[in-house]
Amino acid sequence: MLLVLCVDLDDDLGRKTEFTTPVIGRDAVEEAAVALATTDPEDSDVNVAFQGVHIYDDLAARGESVEVAIVTGNEDGDVDANREVGDEVDTVLASLSTAEDVTALVVTDGAQDESVIPVIRSRVPIDGVRRVVVRQAQNLESMYYTFKQVLNDPETRGTVLIPIGILLLIYPLALIGTVLEMPGVVLGVTSTLLGFYLISRGLGLGERLDEAVEGARRSLYAGRTTLLAYVVAAALLVLGGVSGANELERIQAEAAGEVGVPVMLSALLYGSVQWFAAAGVTTSLGQITDEYIAGRLEWRYLNAPFYVVSIAIVLYAVSAYFLGIVGLTVLATALTAGTLLGIVSTLTFAVAESHFSEDDGEEPRRTESA
């Protein structure tokens, strides 16, 4: 008996239709092919299934013993998909009620599905492999459509466009090395822009930007305070960076010699930590406000601003100690205060949450007993 195996390695049939695999039998395979073609007419696995039916009819008309089946893997691909195909081949072979020796004819739509052939060969001898290639009109419209489909397909655009974009960025990077003489500026700028475009298309950055803008618009019209809090926090972060840079310049100006890396980091932190803490408190309060308005607020959410202040106290004291502004006693006091503030806030809101949760649970019991 010849077993015609139609391979769908990424399980388009299972994901896009209600059919469970493996699909065994001529009529069942035809129904599955029609269902997949109705759901996604552009899927190449449709042609694989119909090719399997065509081979079955041709061989059956000659009086040969033949059966046809569809086996699938999963969308993850690689080893897991191959294993699932192997398991389904075992199921198909077990369902065949014949005493004849069984050989297989594998039908695929490309090299990716053919990677599973060693798995199939380990279970049943293979007489041949049939790759289905759809005939297309070789004209400009067909080429344009194909290229457009590649740009819109997330599975291929990342593979094709990102390497092209990186290659186009090689020349601009080399151009930076000769920036003093500035040769080929126009070509460098053009290829840079083209490279960024291809990379953005490959990564789908345009869609993500549109989603971010749409989310911000909805937040604005919904009256969510998180959006305002993020804007204020961004401004505070910028001010913190400027303040840290100014503090570093002051320390370097006052220093007699070279300033070490620990001192530089401490100066940056000392000048910016209060601004960063204000940004953290602002965003946490905005999030807490939105959760309260939405009715999803939990007591432990209130820990966030206190944690931010605790961390800020510790970092401020440590950076001031390395700069020689405070002594060891002040540092120890600040570390203790920051730790106690975090612990006290955690315990306080944990007790409050437990207490109010018990009250909420007792209220329905009082109603039932009444």
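Asp 12, Arg 15, Lys 16, Asp 40 and Asp 43 are joined to one another in a network of salt bridges. The structure is a predicted model, and a search of the whole of it finds twelve salt bridges.

**Salt bridges**

- Asp 43 pairs with Lys 16, with 2.9 Å between the closest N and O atoms.
- This pair links distant parts of the chain, 27 residues apart: Lys 16 belongs to helix 1 (residues 12–16), and Asp 43 to the loop between helix 2 (26–39) and helix 3 (45–61).
- Asp 43 counts as buried at 6% relative accessibility, whereas Lys 16 counts as partly exposed at 27%.
- Glu 30 forms a salt bridge with Arg 26, the closest N and O atoms lying 2.4 Å apart.
- Both Glu 30 and Arg 26 are in helix 2, separated by four residues, about one turn of the helix.
- In the salt bridge of Arg 300 with Glu 298, the closest N and O atoms are 2.5 Å apart.

**Surface charge**

- A patch of negative charge on the surface brings together Glu 75, Asp 76, Asp 78, Asp 80, Glu 84 and Asp 87.
- Glu 75 is located in the loop between strand 3 (66–72) and helix 4 (78–95) and is exposed, with a relative accessible area of 58%.

**Helix 13**

- The 20 residues of helix 13 (residues 303–322) should span 28 Å at 1.5 Å a residue, which agrees with the 29 Å between its end C-alpha atoms.
- Ala 317, in helix 13, is buried, with a relative accessible area of 5%.
- The C-alpha atoms of Ala 317 and Val 330 are 7.5 Å apart, although 13 residues separate the two along the chain.

Definitions and conventions: Residues are numbered from 1 along each chain as its sequence is written. This is a predicted model: local features need pLDDT of at least 70, side-chain atom pairs count only at pLDDT 80 or more; totals for chains, interfaces and linings use all residues. Side-chain values use heavy atoms; hydrogens and water are left out. Helices (H or I, at least four residues) and strands (E, at least two) are DSSP runs, numbered from the N terminus. The expected span of a helix is 1.5 Å times one less than its number of residues. Patches are made of residues with over 30% relative accessible area and no salt bridge: like charges are joined within 9 Å, nonpolar side chains (Val, Leu, Ile, Met, Phe, Trp, Tyr) within 5 Å. Accessible areas come from the Shrake-Rupley method with a 1.4 Å probe; for residues, only the protein chains shown count as cover. A salt bridge is a side-chain nitrogen of Lys or Arg within 4 Å of a carboxyl oxygen of Asp or Glu. Lys and Arg count as positive and Asp and Glu as negative; His and the chain ends are not counted. The place of a charge is taken as NZ of Lys, CZ of Arg, CG of Asp or CD of Glu. Buried means under 20% relative accessible area, exposed over 50%, partly exposed in between (1.4 Å probe, protein chains only).
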